[in-house]
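Please take a look at the sequence and the 3D structure below. We will walk through the fold step by step.

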Amino acid sequence: SRLMSLGLSPPSSAGLERNPPRKIMAAIHQPVKKNLGAGADSQVHKIRITLTSRNVAALEKVCGELIKGAKDQKLRVKGPVRIPTKVLRITTRKSPCGEGTNTWDRYEMRIHKRLIDLHSPSEIVKQITSINIEPGVEVEVTVTE
């Protein structure tokens, strides 16, 4: 009434109700089913692809190809998640007999790891993982419900 005394009209209450009708609330809380490409009627699994390699360039190339293939199929993709590099070190004496100056050789091997998570039917993952995988890159596929 104070707004009317100032010559202003009250704001419309469309969409601003405190207690919306039950039909709207039921529609809001319904789970939304998304179309995940061909084969959406089959069961959708959470699939984790683990890539391991000593060569970073080859690993990133395979990761990119897998993600590109998954996005072409319109799948939900998370990753690549870069896991911290494992550095395996071996320090050994240069001298075979143990005589002379104490000189040492230090060798190391770096192991790089990437994780990719997909939500899709397992048939589509077979299509995606059928790409050419670079030599030296190990692929491990884990399927969960």
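This is a predicted model: local features need pLDDT of at least 70, side-chain atom pairs count only at pLDDT 80 or more; totals for chains, interfaces and linings use all residues.

**A walk through the sheet and its partners**

Residues are numbered from 1 along each chain as its sequence is written, and side-chain values use heavy atoms, with hydrogens and water left out.

Now zoom out to the strands. Helices (H or I, at least four residues) and strands (E, at least two) are DSSP runs, numbered from the N terminus. In general, the strands of a sheet pair through backbone hydrogen bonds, either parallel or antiparallel. Two strands are said to pair here if DSSP finds at least two bridges between them. β2 and strand β3 (residues 104-120) are joined by 14 bridges in the antiparallel sense.

In what order do the four strands of the open sheet lie? The order is β2-β3-β1-β4, and the pairing is antiparallel. β2 (76-93) and β4 (137-144) each have a single partner strand because they stand at the edges, so one side of each has no neighbour in the sheet. From one strand to the next, the twist averages 15°. Helix α3 (residues 56-72) packs on this sheet and touches β1 (45-53), β2, β3 and β4. The direction of α3 makes about 0° with that of β3; such angles run from 0 to 180 degrees between N-to-C directions, with axes as lines fitted to C-alpha atoms, for helices over the stretch in contact.

Next, find S53, which lies in strand β1. Is S53 buried or exposed? S53 is buried, with a relative accessible area of 4%; buried means under 20% relative accessible area, exposed over 50%, and partly exposed in between (1.4 Å probe, protein chains only). The side chain of S53 reaches the backbone nitrogen of N55 at 2.9 Å. A polar atom of that S53 side chain also lies 3.2 Å from the backbone oxygen of G136. Leaving aside neighbours within four places in sequence, S53 is in contact (heavy atoms within 4.5 Å) with L59, R110, I111, H112, G136 and V137.

Charged residues are our last stop. Side chains of opposite charge can pair when their charged atoms come close. A salt bridge is a side-chain nitrogen of Lys or Arg within 4 Å of a carboxyl oxygen of Asp or Glu, and the structure holds seven salt bridges. One of them joins the side chains of R48 and D117 (2.8 Å, N to O). This pair links distant parts of the chain, with R48 in strand β1 and D117 in strand β3, 69 residues apart. R48 is partly exposed at 34% relative accessibility, whereas D117 is buried at 12%.

Another salt bridge brings together K61 and E134 (3.0 Å, N to O). Here too distant parts of the chain are linked: K61 is in helix α3 and E134 in the loop between α4 (122-128) and β4, 73 residues apart. K61 is partly exposed at 44%, and E134 is partly exposed at 25%.

Finally, E108 and R110 meet through their side chains in a salt bridge (3.0 Å, N to O). E108 counts as partly exposed at 42%, and R110 as partly exposed at 40%. Elsewhere, salt bridges that share partners join E60, R82 and R114 into one network.

Key. A polar contact is a pair of N or O atoms within 3.5 Å; within protein, one must be able to donate a hydrogen and the other to accept it, and residues adjacent in sequence count only if both atoms are side-chain atoms.
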